[in-house]
Amino acid sequence: MSSALADRQYAGQPPTGILRRAALILDVFAERAGTGPAGLNLTQVAAATGLPPASVHRALEQLVSLGWLHREGMEYRLGMRLAALGSAAVTDEALRLAALPVLRRLHQQTGCVVQLGVLEGDEVMYLERIGGESVPAIKSRVGSRIPARRSTIGTALLAQDSSSSAVDREVAEVDRSRIAYRRDGCLEGFACLAAPVGPEGRGRAAAISVFGQARRIEADRHVRPALQSAAAAVWQRLNSPSARHPEGEKVRA
């Protein structure tokens, strides 16, 4: 067993939890990737993890049924579901890094909490947040998810989706203005504005938002143009010649 895998053991004992066993087994395939044959059989995985063969076999078959692994005869390989997640993770990190300086500047310009989120199915996942430490009622955190219908970012992104069945007035208004607005959503007296990053149908659906006291957001005529400029700047940074995928292709939001 490699030292990296051994470090995942607790007090020298093999992990007993289902998720820990699955993580240990997937680590074996991850360490093998690019260093040897991609396929591993039951005996090899059991030897690498130190887990009982019967437990390894059950875990392997469960991972196959979930799409994390793929079985060909007696050998197991990483599945396409993991590949898709890895690709999404690379894209999200490229988006976050490209957006970070823009988000910081927007926070300084507006004094508002600034957030970056992406649409995943019917949920919004938050990739970054600047500010808000003094407002504990804000429930969004980096990595947290919320139903898109309850999120201003989600509303802005649903309005972009031409295949969406959403026909409510809120989404229709966003479709015309490109900016979603919600007051008293998670905190009374506060409001949130959100704008999509990039044109409709161009890559991963992402948006940025500003959150602050409603009377300030409504009175300050500079907040909306600052938000729109920030969304455009993120898109430009993502598609500039210097913002490229490790394999040489541009990364889009």
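A: Strand S8, residues 190-197, and strand S9 pair in the antiparallel sense, over eight bridges. Two strands count as paired if DSSP finds at least two bridges between them. Strands (E, at least two residues) and helices (H or I, at least four) are DSSP runs, numbered from the N terminus. Within this pair, Ala 191 has Gly 212 of S9 as its bridge partner.

The model is predicted, with residues numbered from 1 along each chain as its sequence is written, and local features need pLDDT of at least 70, while side-chain atom pairs count only at pLDDT 80 or more and totals for chains, interfaces and linings use all residues. Side-chain values use heavy atoms, with hydrogens and water left out.

S9 also pairs with strand S4, residues 113-120: six bridges join the two, and they run antiparallel. Here Leu 116 has Ile 208 of S9 as its bridge partner. S9 itself covers residues 206-213 and is mostly covered, with seven of its eight residues buried. Buried means under 20% relative accessible area, exposed means over 50%, and partly exposed lies in between (1.4 Å probe, protein chains only).

These pairs belong to an open sheet of six strands, in the order S6-S5-S4-S9-S8-S7, with antiparallel pairing. Its edge strands are S6 (145-147) and S7 (180-183), each of which pairs on one side only. From one strand to the next, the twist averages 30 degrees. Such angles run from 0 to 180 degrees between N-to-C directions, and axes are lines fitted to C-alpha atoms, for helices over the stretch in contact.

Met 125 stands opposite Arg 145 of S6.

Helix H6, residues 152-160, touches S4, S5, S7, S8 and S9. Contact here means heavy atoms within 4.5 Å. The direction of H6 makes about 35 degrees with that of S8. Helix H9, residues 223-238, packs on the sheet as well, touching S7, S8 and S9. The direction of H9 makes about 35 degrees with that of S8.
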